[in-house]
Amino acid sequence: MDLYFVIFAIMALGAGIFMITARDAFPSALGLLTVFIALSALYLHLKAPLLAIFQVTIYAGSILVLIVFVIMLLTTPGQRLRELQRNLSYRIMGGILGLCLITLLGIGLKGVHEVLVTHAVPDNFGYPSVVGELLFRNFLLHFEVASVLLLVALIGAIYLAKKKV
(Lines give C-alpha, C1' and ligand atoms only; values in the text may rest on other atoms or scores of the structure.)
Protein backbone atom coordinates (compact mmCIF):
# COMPACT_ATOMS: atom_id res chain seq x y z
CA MET A 1 0.00 0.00 0.00
CA ASP A 2 1.22 3.48 -0.82
CA LEU A 3 2.53 5.57 2.09
CA TYR A 4 1.05 8.76 0.64
CA PHE A 5 -2.43 7.21 0.61
CA VAL A 6 -2.07 5.86 4.14
CA ILE A 7 -0.97 9.22 5.56
CA PHE A 8 -3.81 11.23 4.03
CA ALA A 9 -6.42 8.51 4.65
CA ILE A 10 -5.49 8.40 8.35
CA MET A 11 -5.57 12.19 8.40
CA ALA A 12 -9.06 12.23 6.87
CA LEU A 13 -10.35 9.57 9.27
CA GLY A 14 -8.81 11.25 12.32
CA ALA A 15 -10.17 14.66 11.38
CA GLY A 16 -13.58 13.11 10.68
CA ILE A 17 -13.67 11.51 14.11
CA PHE A 18 -12.56 14.82 15.65
CA MET A 19 -15.29 16.60 13.70
CA ILE A 20 -17.98 14.28 15.03
CA THR A 21 -16.77 14.26 18.65
CA ALA A 22 -16.05 18.00 19.01
CA ARG A 23 -18.38 19.74 21.45
CA ASP A 24 -18.22 23.18 19.85
CA ALA A 25 -19.18 24.03 16.29
CA PHE A 26 -15.99 25.86 15.31
CA PRO A 27 -13.54 23.02 16.07
CA SER A 28 -15.94 20.74 14.22
CA ALA A 29 -15.78 23.04 11.19
CA LEU A 30 -11.98 23.02 11.42
CA GLY A 31 -12.05 19.22 11.39
CA LEU A 32 -14.31 19.31 8.33
CA LEU A 33 -11.82 21.59 6.60
CA THR A 34 -9.04 19.13 7.38
CA VAL A 35 -11.11 16.30 5.90
CA PHE A 36 -11.67 18.33 2.73
CA ILE A 37 -7.96 19.06 2.36
CA ALA A 38 -6.99 15.42 2.94
CA LEU A 39 -9.52 14.32 0.33
CA SER A 40 -8.12 16.78 -2.18
CA ALA A 41 -4.65 15.35 -1.52
CA LEU A 42 -6.04 11.89 -2.23
CA TYR A 43 -7.51 13.19 -5.49
CA LEU A 44 -4.06 14.47 -6.44
CA HIS A 45 -2.68 11.03 -5.67
CA LEU A 46 -5.23 9.53 -8.07
CA LYS A 47 -3.96 11.86 -10.81
CA ALA A 48 -7.15 13.94 -10.78
CA PRO A 49 -5.91 17.51 -10.28
CA LEU A 50 -9.15 19.07 -11.50
CA LEU A 51 -11.14 17.23 -8.82
CA ALA A 52 -8.59 18.29 -6.21
CA ILE A 53 -9.00 21.92 -7.26
CA PHE A 54 -12.78 21.58 -7.14
CA GLN A 55 -12.56 20.00 -3.69
CA VAL A 56 -10.51 22.87 -2.30
CA THR A 57 -12.32 25.74 -4.00
CA ILE A 58 -15.92 24.57 -3.79
CA TYR A 59 -16.06 22.57 -0.58
CA ALA A 60 -13.23 23.97 1.53
CA GLY A 61 -13.67 27.44 0.12
CA SER A 62 -17.30 28.30 -0.36
CA ILE A 63 -19.36 25.60 1.35
CA LEU A 64 -17.35 25.59 4.57
CA VAL A 65 -17.33 29.39 4.64
CA LEU A 66 -21.11 29.31 4.34
CA ILE A 67 -21.39 26.83 7.22
CA VAL A 68 -19.05 28.88 9.42
CA PHE A 69 -20.97 32.04 8.53
CA VAL A 70 -24.24 30.41 9.64
CA ILE A 71 -22.61 29.21 12.86
CA MET A 72 -21.30 32.71 13.54
CA LEU A 73 -24.71 34.23 12.93
CA LEU A 74 -26.39 31.87 15.35
CA THR A 75 -23.93 32.14 18.23
CA THR A 76 -24.60 34.65 20.97
CA PRO A 77 -22.33 37.69 21.16
CA GLY A 78 -21.85 37.24 24.90
CA GLN A 79 -19.66 34.16 24.52
CA ARG A 80 -16.18 34.46 25.96
CA LEU A 81 -13.94 34.83 22.92
CA ARG A 82 -10.67 34.83 24.89
CA GLU A 83 -11.40 31.40 26.38
CA LEU A 84 -12.28 30.01 22.98
CA GLN A 85 -9.03 31.30 21.52
CA ARG A 86 -7.04 29.65 24.33
CA ASN A 87 -8.63 26.28 23.57
CA LEU A 88 -5.94 23.70 22.90
CA SER A 89 -7.99 21.83 20.28
CA TYR A 90 -8.09 24.96 18.10
CA ARG A 91 -4.33 25.26 18.19
CA ILE A 92 -3.68 21.57 17.55
CA MET A 93 -6.10 21.34 14.63
CA GLY A 94 -4.81 24.66 13.25
CA GLY A 95 -1.24 23.36 13.31
CA ILE A 96 -2.24 20.08 11.67
CA LEU A 97 -4.22 21.96 9.04
CA GLY A 98 -1.28 24.28 8.33
CA LEU A 99 1.08 21.32 7.85
CA CYS A 100 -1.48 19.63 5.60
CA LEU A 101 -1.82 22.74 3.45
CA ILE A 102 1.94 23.12 3.04
CA THR A 103 2.32 19.42 2.20
CA LEU A 104 -0.62 19.55 -0.18
CA LEU A 105 0.78 22.55 -2.02
CA GLY A 106 4.18 20.93 -2.43
CA ILE A 107 2.83 17.58 -3.57
CA GLY A 108 0.21 19.25 -5.76
CA LEU A 109 2.80 21.30 -7.60
CA LYS A 110 4.95 18.20 -8.08
CA GLY A 111 1.92 16.14 -9.21
CA VAL A 112 0.72 18.72 -11.74
CA HIS A 113 4.24 18.98 -13.13
CA GLU A 114 4.46 15.17 -13.50
CA VAL A 115 1.07 15.00 -15.24
CA LEU A 116 2.00 17.70 -17.71
CA VAL A 117 5.52 16.44 -18.41
CA THR A 118 5.22 12.63 -18.46
CA HIS A 119 1.71 12.04 -19.82
CA ALA A 120 0.10 13.21 -23.00
CA VAL A 121 -2.89 15.36 -22.19
CA PRO A 122 -6.00 14.77 -24.33
CA ASP A 123 -7.27 17.60 -26.49
CA ASN A 124 -10.44 18.21 -24.50
CA PHE A 125 -8.81 17.87 -21.06
CA GLY A 126 -9.76 20.55 -18.57
CA TYR A 127 -12.60 22.18 -20.48
CA PRO A 128 -15.60 22.99 -18.31
CA SER A 129 -17.93 21.58 -20.95
CA VAL A 130 -16.34 18.12 -20.64
CA VAL A 131 -16.50 18.25 -16.83
CA GLY A 132 -20.11 19.48 -16.96
CA GLU A 133 -21.07 16.77 -19.40
CA LEU A 134 -19.58 14.12 -17.12
CA LEU A 135 -21.25 15.60 -14.03
CA PHE A 136 -24.70 16.03 -15.48
CA ARG A 137 -24.85 12.91 -17.65
CA ASN A 138 -22.73 10.15 -16.16
CA PHE A 139 -22.64 11.29 -12.53
CA LEU A 140 -25.92 13.15 -12.06
CA LEU A 141 -27.04 10.96 -9.15
CA HIS A 142 -23.73 11.52 -7.34
CA PHE A 143 -24.01 15.26 -7.90
CA GLU A 144 -27.55 15.39 -6.49
CA VAL A 145 -26.68 13.18 -3.51
CA ALA A 146 -23.80 15.53 -2.66
CA SER A 147 -26.12 18.56 -2.84
CA VAL A 148 -28.70 16.91 -0.56
CA LEU A 149 -25.92 15.92 1.85
CA LEU A 150 -24.69 19.51 2.00
CA LEU A 151 -28.23 20.74 2.64
CA VAL A 152 -28.65 18.27 5.51
CA ALA A 153 -25.28 19.31 6.96
CA LEU A 154 -26.31 22.97 6.82
CA ILE A 155 -29.64 22.26 8.52
CA GLY A 156 -27.82 20.22 11.16
CA ALA A 157 -25.36 23.06 11.80
CA ILE A 158 -28.23 25.50 12.20
CA TYR A 159 -30.03 23.14 14.59
CA LEU A 160 -26.93 22.54 16.72
CA ALA A 161 -26.03 26.21 16.88
CA LYS A 162 -29.60 27.29 17.58
CA LYS A 163 -29.83 24.98 20.63
CA LYS A 164 -27.18 27.03 22.41
CA VAL A 165 -28.89 30.39 21.82
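## Confidence of the model

Among the elements of the protein, helix H1, covering residues 3-21, has the highest mean pLDDT, at 88, while helix H4, covering residues 81-85, has the lowest, at 60. The model is a predicted one, and across the protein the pLDDT averages 76, with 76% of the residues scoring at least 70.

## Overall fold

The secondary structure consists of seven helices and zero strands, so that, read from the N terminus, the order of elements is α-α-α-α-α-α-α. Of the 165 residues of the protein, 28% count as buried. Among contacts between residues at least 6 apart in sequence, 73% join residues that are at least 24 apart.

## The nonpolar core

The largest nonpolar core holds 29 residues, and those that touch the most other members are Phe-8, Leu-33, Leu-64 and Ile-67. Helices H1, H2 and H3, together with helix H5 (88-118) and helix H7 (140-164), each supply at least two residues of this core, and the largest share, 11 residues, comes from H2.

## Packing of H2 against H3

Helix H2 (residues 25-45) and helix H3 (residues 49-74) pack with their axes 8 Å apart and at an angle of about 175 degrees. Because angles over 145 degrees count as roughly antiparallel, H2 and H3 are described as roughly antiparallel to each other.

On the H2 side, the residues of this contact include Ala-25, Phe-26, Leu-32, Leu-33, Phe-36 and Tyr-43, and on the H3 side they include Pro-49, Gln-55, Tyr-59, Leu-64, Ile-67 and Met-72. The residues of the contact divide into 20 nonpolar, two polar and no charged. Leu-33, Leu-64 and Ile-67, which take part in this contact, are also among the core residues that touch the most other members.

Not counting residues up to four places away in sequence, Thr-34 touches Met-11, Ala-15, Met-93 and Leu-97.

Ser-28 also lies in helix H2, and with a relative accessible area of 19% this residue is buried as well, since the cut-off for buried is under 20%. Leaving aside neighbours within four places in sequence, Ser-28 is in contact with Met-19 and Ala-22.

Conventions:
Residues are numbered from 1 along each chain as its sequence is written. This is a predicted model: local features need pLDDT of at least 70, side-chain atom pairs count only at pLDDT 80 or more; totals for chains, interfaces and linings use all residues. Side-chain values use heavy atoms; hydrogens and water are left out. Axes are lines fitted to C-alpha atoms, for helices over the stretch in contact, and angles run from 0 to 180 degrees between N-to-C directions. Helices (H or I, at least four residues) and strands (E, at least two) are DSSP runs, numbered from the N terminus. Angles under 35 degrees count as roughly parallel, over 145 as roughly antiparallel, 65 to 115 as roughly perpendicular and the rest as oblique. Contact means heavy atoms within 4.5 Å. Ala, Val, Leu, Ile, Met, Phe, Trp, Tyr, Cys and Pro count as nonpolar, Asp, Glu, Lys and Arg as charged, and the others, Gly among them, as polar. pLDDT is the predictor's confidence in each residue, from 0 to 100. A nonpolar core is a set of buried Ala, Val, Leu, Ile, Met, Phe, Trp, Tyr and Cys residues joined through side-chain atoms within 4.5 Å. Buried means under 20% relative accessible area, exposed over 50%, partly exposed in between (1.4 Å probe, protein chains only).
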